Amino acid sequence: MKRELKISAALACIFLVAYFLPLGNPKIQQAIQESFRLLQWYARNHTLACVVPALFIAGAIITFLSQASVTRYLGPNANPVLAYAVASVAGCVLAVCSCSVLPMFAGIYNLGAGLGPATAFLYSGPGINILAIFLSARVLGFPIGAGRFIGAVAFSVIIGLLMAVIFRKGERAKVEAALQVPEPEKSRRHIAKTVLFLACMILFLVFSDWYNPGNVTVKTTDGRQFKAVVIHETKDAVRFQLEEDLGENKTGDKIELQKTEIADMQEQKTWVIQLHHIRWYLAGLCGLAVLVMAWRWFERDELHEWMNNTWEFTKLLVPLLYGGVFIVGFVSVLLPEKQVSQWVGDNSLRSNLVASVIGAFWYFATLTEIPITQALMNLGMHNGPVLALLLAGPALSLPSILVIRRVMGNARTVVFIVLVVVMSTIVGVLFGTFWG
């Protein structure tokens, strides 16, 4: 009955939006177009390279890792130092956004990981991105980069510990349920083979989703030249954020050019870009290793179960991710950066809270939070809200919230969001007081 009520409420919301949406309003038309533009960018640049490999990893975790192994190292009764250390440093390896870490979080949580270590991993995966932190320091200033690193590491552990304490009753029930599980059958292969198999899959994800910072020099067909950061690229157009003034547009403004208007676009030469250009070769080697290991080490029934589990995660996660991205694209037009910057121009509690809430619900692909934050700083955003946004933004987004709710339930999701927002707000106020 409860499920039917949820379906009825969802259908009613869709009906009301379709019935009352003022399609004649130019702002609404622009918002709808932006929704599809962001969705196309997500499909073209993010889904195949990141979400799909993550889904296969999640399916492999459920299929090939025993519940006893996960419970031993990440369960409620696991060694807390080891469990939180493993979870909190995961982001140093997984340079992915919040949406991409979700399938792996769902896999380890459903397999018996404790709520504390699982949520520590959920935050740290996108939060402790070493390359993004270094870029934050270079572009936004060393204090902000250092504050982001220290805050992200501390947040992952503190949030995990608080989640475990707040929901300790449910954790005790999880432990008791785990004790009732019969002893697992002896594994068909040595644990080292399974670990190597999963490691190659994770390396495939890291390389396939290796980001491009997007710093380019653009020459247009009408003779203009400018430096910018690529924000979104769709089939027919590219959206840039300017790194220098261009006519009536100022540094930090966003412009969109049709690909037919672009005569040349040269990337800045860095080791990150060089690795980006060979990423598919490296990912291909890892993928080939995965195929060989799957052929030699795993039985047909196991592979079939792996595909079934991957498909179940796909049905659970992908519709919510796409729906969340669509909504973010729609709302982004209704809340332009110039308007947001007016709310975060000082280091007040309100400004930091606004920055934390916007960061928690917005969708930032890997590294895109840096040029967006830079533009807000150029419009007058204070350093305190900047750090609050950077601590809350990468770890959460509306698409990820929709998925987390399906995995953990309403209460745990709400508490997780509140912890991220409140802690980001407090740290933002303190940071802005001393380094404003």
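In helix α19, the residues L398, P399, S400, I401, V403, I404, V407 and M408 are buried. The model shown here is predicted. Helix α19 covers residues 398-408, and because eight of its 11 residues are buried, the helix is largely enclosed by the rest of the structure. Just after α19 comes G409, which takes a positive phi of about 95°.

**The protein as a whole**

The protein has 20 helices and five strands. For 436 residues, a compact globule would have a radius of gyration near 22 Å, and the protein agrees with this, since its own value is 22 Å. The C-alpha trace spans about 70 × 50 × 45 Å along its principal axes. Of the 436 residues, 50% count as buried. The accessible surface comes to about 21,300 Å², and carbon and sulfur atoms account for 64% of that area.

Contacts can also be sorted by how far apart the two residues are in the sequence. Among contacts between residues at least 6 apart in sequence, 78% join residues at least 24 apart.

**A nonpolar patch on the surface**

Helix α20 takes in residues 410-435, and F434 lies in it. F434 is one of the residues of a nonpolar patch on the surface; the others in the patch are V414, V418, V422, I426, L430 and W435. Together the residues of this patch have about 710 Å² of accessible area. F434 has a relative accessible area of 62%, so it counts as exposed.

Another residue can be compared in position with L430. I108 and L430 are 322 residues apart in sequence, and their C-alpha atoms are 35 Å apart in space. I108 is placed in helix α6, which covers residues 98-110. Because its relative accessible area is 11%, I108 counts as buried. Leaving aside its neighbours within four places in sequence, I108 is in contact with I61, V70, L74, A113, A118 and F121.

**Salt bridges**

How many salt bridges does the protein have? The count comes to seven.

R37 and E34 both lie in helix α2, which covers residues 26-64. They are three residues apart, about one turn of the helix. R37 is buried, and E34 is buried as well.

E34, R37 and R239 belong, along with E256, to a network of salt bridges.

R224 counts as partly exposed because its relative accessibility is 34%. D222 has a relative accessible area of 54% and is therefore exposed.

**Cysteines and a buried histidine**

How many disulfides does the protein have? The count comes to zero. C286 is in no disulfide: the nearest cysteine sulfur is that of C200, 5.8 Å away. C286 is buried, with a relative accessible area of 10%. C13, by contrast, counts as partly exposed, at 49% relative accessibility.

H276 lies in helix α12, which covers residues 271-277. Is H276 buried or exposed? At 12% relative accessibility, H276 counts as buried. When neighbours within four places in sequence are left aside, H276 is in contact with W210, Y211 and N212.

Notes: Residues are numbered from 1 along each chain as its sequence is written. This is a predicted model: local features need pLDDT of at least 70, side-chain atom pairs count only at pLDDT 80 or more; totals for chains, interfaces and linings use all residues. Side-chain values use heavy atoms; hydrogens and water are left out. Patches are made of residues with over 30% relative accessible area and no salt bridge: like charges are joined within 9 Å, nonpolar side chains (Val, Leu, Ile, Met, Phe, Trp, Tyr) within 5 Å. Accessible areas come from the Shrake-Rupley method with a 1.4 Å probe; for residues, only the protein chains shown count as cover. A salt bridge is a side-chain nitrogen of Lys or Arg within 4 Å of a carboxyl oxygen of Asp or Glu. Helices (H or I, at least four residues) and strands (E, at least two) are DSSP runs, numbered from the N terminus. Buried means under 20% relative accessible area, exposed over 50%, partly exposed in between (1.4 Å probe, protein chains only). A disulfide is a pair of cysteine sulfur atoms within 2.5 Å. The radius of gyration is taken over C-alpha atoms; the globule rule is 2.2 Å times the number of residues to the power 0.38. Contact means heavy atoms within 4.5 Å.
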